[in-house]
2 protein chains.
Amino acid sequence: MTEVAKTQSPRIGIIGTGAIGGFYGVMLARAGFDVHFLLRSEYAAVSERGLQLNSTLHGTVRLHPVQAYARAADMPPCDWLLVGTKSTGNVELAPTIAQIAAPDAKVVLLQNGLDVEDSLREHLPPSLHLLGGLCYIGVHRSGPGIVEHQALGRVNLGYHSGPAANDDTHRQAIVEAGAALFHQAGIDSQAMANVHQARWHKLVWNVPYNGLSVVFGTGTTAMMADESSRELIQALMAEVVQGAHACGHEIPASYAGQMFTMTESMDDYLPSMYHDYVHKRPLELAAIYARPLAAAKAAGCELPRMQALYQALSFMDRHNR
Amino acid sequence: MTEVAKTQSPRIGIIGTGAIGGFYGVMLARAGFDVHFLLRSEYAAVSERGLQLNSTLHGTVRLHPVQAYARAADMPPCDWLLVGTKSTGNVELAPTIAQIAAPDAKVVLLQNGLDVEDSLREHLPPSLHLLGGLCYIGVHRSGPGIVEHQALGRVNLGYHSGPAANDDTHRQAIVEAGAALFHQAGIDSQAMANVHQARWHKLVWNVPYNGLSVVFGTGTTAMMADESSRELIQALMAEVVQGAHACGHEIPASYAGQMFTMTESMDDYLPSMYHDYVHKRPLELAAIYARPLAAAKAAGCELPRMQALYQALSFMDRHNR
């Protein structure tokens, strides 16, 4: 059990206090940042009992009381907004973000997939900086306000759009300030020169593991223990690297192998798409499959296995709801 | 209800009286052929109650008494042997076939997949003719000795190996005699010049529908009603046509479209692989996926979607048993 201290600057808002938002929010609060949490269905439970993080790396971290809000209108203006909701709801999220954001706030989408910022951007005030955050983490919600952290934690950040878009130095400073926030909370974070490249990197993991966890109904351990699924995962990873290359983003030759080995060394992990499927929620297929496939195709590159997986998941998603 | 007459020539043996063996055996018996059925688990039930075919095309056909046998040793020598067992057991089947076959018998493997004859051939007496039979039929077993016939029925025959292998005229005569048997039983049948070509043709249907019925857990109607699964089916069909082409077998440009349209017009159908999966039996993955993929690869042709489907099914098959 860790004691949580509190200071006042910068002020951080967490939108979507699920596994991702909950983990990073609690870790930042533990480090002394002033963190405010926007909740919907779990507002009452979190107000009453607080947030609890059960982490294999950081032990049990309890945050109570929590600066919890049921309505965006009640929140103070925040300098950094971390968005941990599903990418499927980004358009609807714009008014909420605009309401909570301080005038030159940095909004970080802690979401998987390609171009998840685009649909949100056009509905945001131009004064806001929009960043992408790619979380390399094994984390899931086990109950209202309770987050289980299994492995890793790194957040890679890239600038997407906003007032610093055409100012390399300013842009870099913002991304590095974001990485510094996470570093102060004991979380690994890397400032990436290009958010698209960062997102393609993360897709190397998400494309095989998220989709196959739904098709197979299993976690990573079973997939990594079978020769056929291993081959399929490697072939899918190779296609993502090929797609990134076609879109002008080089991914080092060793990267897919590193993701593969890293997953092999993890405890069994059920990716978010598995949980979405089991709970009959919409799958994040547009961000993780459709947009990368369309971008690769526009660059003249077909990714047949990834497309087949996308088509299979689209069928399963529609029949699941 | 149709009355069944009986004559004596040629004598036909049915090995594996499941849905396929049961359907063709009953239809041939109904046409007056002398048909003998080898059974295992259903011997007692069929001896006592006979065989019953419930057909959307031919009505209810009841065969009782049945010339049923529990042991191959008790059967009379047969001129034609129709094999309706799973291709996964072909090697073990050779002694049984040798025991029942008349000296120059014709053995017809009513099985799906590529090169299913090869493993059997080397264990058969050289005097036996071996043919492949591709059944275009919707049929399933609903109980001991009870066969439900939903649609179609055509059997395409091709000569595989045996005494007539190097004699075009003799070979053709045998295949045409086989087709004539089926014609006399009111069943459409086509003599194919090349058994491999015939098998590649059938794979155009089996590769998408068998595998996807397992992945999706649904029959053809659901698959044909969804845009994503339709695209995936068409892409898989195109890969099979491409594989056949690489292996020297031309499949007409219109063929895949015909299979697709034909399936669309059928009532909902659960392919045999679906039933195998549900009953935790081994899937026929070697015949339907691994061998065609290997043949295409040897000819310099990669079929990525089919390979991905094969890898996924291999994983699912191993986790199912």
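**Notebook: charges, rings and a chain contact**

I took a salt bridge as a side-chain nitrogen of Lys or Arg within 4 Å of a carboxyl oxygen of Asp or Glu. The model is predicted, so I noted its limits: local features need pLDDT of at least 70, side-chain atom pairs count only at pLDDT 80 or more, and totals for chains, interfaces and linings use all residues. Residues are numbered from 1 along each chain as its sequence is written, chains are lettered from A in the order in which they are written, and side-chain values use heavy atoms, with hydrogens and water left out.

**Entry 1**

I looked up Asp168(A) and found a salt bridge to Arg171(A), with the closest N and O atoms 2.9 Å apart. Both residues lie in helix 5 of chain A, three residues apart, about one turn of the helix. For helices I used DSSP runs of H or I, at least four residues, and for strands runs of E, at least two, numbered from the N terminus. Asp168(A) is exposed at 53% relative accessibility, and Arg171(A) is partly exposed at 23%. My cut-offs were under 20% relative accessible area for buried, over 50% for exposed and partly exposed in between (1.4 Å probe, protein chains only).

Next I went to chain B. There the side chains of Arg141(B) and Glu42(B) form a salt bridge at 2.5 Å, N to O. This pair links distant parts of the chain, 99 residues apart: Arg141(B) is in strand 8, and Glu42(B) is in the loop between strand 2 and helix 2. Arg141(B) is partly exposed at 39%, while Glu42(B) is buried at 11%.

**Entry 2: a network**

I then found Lys86(A), Asp276(A), Arg281(A) and Glu284(A) linked in a network of salt bridges. Asp276(A) sits in helix 10, residues 272-278 of chain A. Is Asp276(A) buried or exposed? With 1% relative accessibility, Asp276(A) counts as buried. I listed what Asp276(A) touches, leaving out residues up to four places away in sequence: Lys86(A), Arg281(A), Pro282(A) and Leu283(A). Contact here means heavy atoms within 4.5 Å.

**Entry 3: rings**

I counted 12 aromatic pairs over all chains. In one of them, the rings of Tyr24(A) and Phe182(A) have centres 5.6 Å apart and planes at 85 degrees, so the pair is edge-to-face. The rule pairs rings of Phe, Tyr and Trp (its six-membered ring) with centres within 6.5 Å; planes under 30 degrees apart are stacked, over 60 edge-to-face and the rest tilted. Tyr24(A) is in helix 1 and Phe182(A) in helix 5 of chain A, so the pair ties together parts 158 residues apart in sequence. Tyr24(A) is buried at 0%, and Phe182(A) is buried at 2%.

**Entry 4: between the chains**

Last, I checked where chain A meets chain B. The contact takes 22 residues from chain A and 22 residues from chain B. The two chains bury about 1,900 Å² between them, 62% of it on carbon and sulfur atoms. Buried area is the accessible area (1.4 Å probe) that two parts lose on being put together, summed over both. In chain A, Arg305(A), Gln311(A) and Phe315(A) lose the most area to chain B, together 31% of what that side buries. I found two salt bridges across this interface. I also noted a salt bridge between Asp226(B) and Arg318(A), at 2.6 Å, N to O.
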